[in-house]
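Colleague: I am new to this structure and would like to know what the labels rest on. Please go through them one by one.

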Amino acid sequence: MLAQAMVEKLNEQINLEFFSSNLYLQMSAWCEDKGFEGAAEFLRIHAAEEMQHMQRLFTYVSETGALPILGTIEAPQHEFSSLGEVFRATYEHERLITERINKLAHVAFTTQDYSTFNFLQWYVSEQHEEEKLFKGILDKIELVGEDGKALFFIDKDLAAMAKQE
Ligand code: OFO
């Protein structure tokens, strides 16, 4: 049985994972609109992955006999100045998620909720992967620059990465 305070925090995280999914889906629309088809595909697939992050939490809360509560999801940003800005924002967002997961794990541990602490370990390692993934893309953009030709190759690269996701 989960403490009510923990249920509320897990519900907040459910909401945040929905937001992550919407953010990446919205970014994919921007990319598609600007002709970055590889980036659009990559972000669409990633949006679906975020829904799985949400679902995993939802199932955990339900299985422990508590009630997942879905709240209002904030509208994501839909205007970007460049592809570089999109991916700088993804990396910043993932860092925020890592911070939230770490806080959740801290609360679980310090309240001796070892079941939730254990459950959260999946997210701890997933966040390591997520940060690595987005930092890698950002590094590439910063390395090749943001002129038309460079972005063409970045987009091709993202199309290939989308196939591996
Ligand atoms: Fe991108 O990791 Fe969930 O939010």
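Modeller: UniProt positions are given in the numbering used here, feature names are shortened, and annotations may be inferred rather than shown by experiment. UniProt places "domain: Ferritin-like diiron", from an unreviewed entry, at residues 1-145. Residues are numbered from 1 along each chain as its sequence is written. The model is predicted: local features need pLDDT of at least 70, side-chain atom pairs count only at pLDDT 80 or more, and totals for chains, interfaces and linings use all residues.

Colleague: How do you know how many helices and strands there are in the chain?

Modeller: Helices (H or I, at least four residues) and strands (E, at least two) are DSSP runs, numbered from the N terminus. By that rule the chain has 5 helices and 0 strands. Over residues 1-145 it is 80% helix.

Colleague: What makes a set of residues a nonpolar core?

Modeller: Its members are buried Ala, Val, Leu, Ile, Met, Phe, Trp, Tyr and Cys residues joined through C-beta atoms within 7 Å. The largest such core has 18 residues, including Met 27, Ala 39 and Phe 87. Apart from it lies another core, of 8 residues, among them Ile 97 and Phe 119.

Note on methods
Buried ≥ 20, exposed ≤ 12 C-beta atoms within 10 Å, placed from the backbone.
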